[in-house]
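Visitor: I would like to learn how to read a structure like this one. Please take me through one part of it.

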Amino acid sequence: LHVSGSISVELSDSFATYLGWAQRWGQPLTLIGDGPEDVAEAQRQLARIGIDGLGAASGPTRELAGGRLASYPVTDFPGLAGAWGAPGLVLLDVRRPDEWQGGYLDGAVLIPFWELEDRISDVPAGEVWVYCHSGLRASISASLLDRAGRSVVQIDDDWPRAAEVGLPMAPAAQA
């Protein structure tokens, strides 16, 4: 669950990097964390990239959302294999171009996650199943797609499992 209309970025060592890429510069930002220590850590990380003076709140998301909760399905690559070929299924790869060149799911569209907010209109119509290498960038991207009103399914899985479960792969680019 997340606050409807928000960008969801997990607090980790790379939080500021990912939020800095996903959030348009100068756009208002309010941090929400489980506790004051999480909010303080996020503020420290963001100050290192020049983002400060933010609104912030801590506590259970259900309470902070004021009834504006949103969610979307989360699955893994075996879940995608079970849905493969469903009408209207759109595959969105949000990895880096160099990762894409190493191989990708057949029929997928590449939009690196840091470009997604500006390129939402480039995502084909349909239910968007979004994946990356480990699930983190797919999570951020799913929240951006949800905020834009798109139907989305986040794939939270490690990329090598896609081949292990037999999903159709496009060949790696030739050097």
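Guide: This is a predicted model.

Visitor: How does the length of helix 7 compare with what its residues should span?

Guide: The idea is to count 1.5 Å a residue, using one less than the number of residues. Helix 7 has 12 residues and should therefore span 16 Å; its end C-alpha atoms lie 17 Å apart, which agrees.

Visitor: Is helix 7 enclosed or open?

Guide: To decide, count buried residues, meaning those under 20% relative accessible area. In helix 7 that is 10 of the 12, so the rest of the structure largely encloses it. Among the buried ones are Arg 137, Ser 141 and Leu 144.

Visitor: What does Ile 140 touch?

Guide: Beyond four places in sequence, Ile 140 touches Ile 7, Ser 8, Val 9, Tyr 18, Ala 22 and Phe 113. Ile 140 is also one of the residues that touch the most other members of the largest nonpolar core, which has 31 residues. Helix 7 gives two or more residues to this core, as do helix 1, helix 2, strand 6 and strand 9. A second, separate core has 14 residues, including Phe 77 and Trp 100.

Visitor: Which side chain of opposite charge is nearest to Asp 146?

Guide: Arg 147, at 8.5 Å. A salt bridge needs the charged atoms within 4 Å. Asp 146, in helix 7, is buried yet has no salt bridge. Leaving aside sequence neighbours within four places, Asp 146 is in contact with His 2, Ala 70, Ser 71, Tyr 72 and Val 152.

Definitions and conventions: Residues numbered from 1 in each chain as written. Predicted model: local features only at pLDDT ≥ 70, side-chain atom pairs only at ≥ 80, totals over all residues. Heavy atoms only, no water. Core = buried A, V, L, I, M, F, W, Y, C linked by side-chain atoms within 4.5 Å. Buried < 20%, exposed > 50% of the residue type's maximum accessible area, 1.4 Å probe, protein only. Helix = DSSP H or I, 4+ residues; strand = E, 2+ residues; numbered from the N terminus. Contact = heavy atoms within 4.5 Å. Lys, Arg positive; Asp, Glu negative; His and termini not counted.
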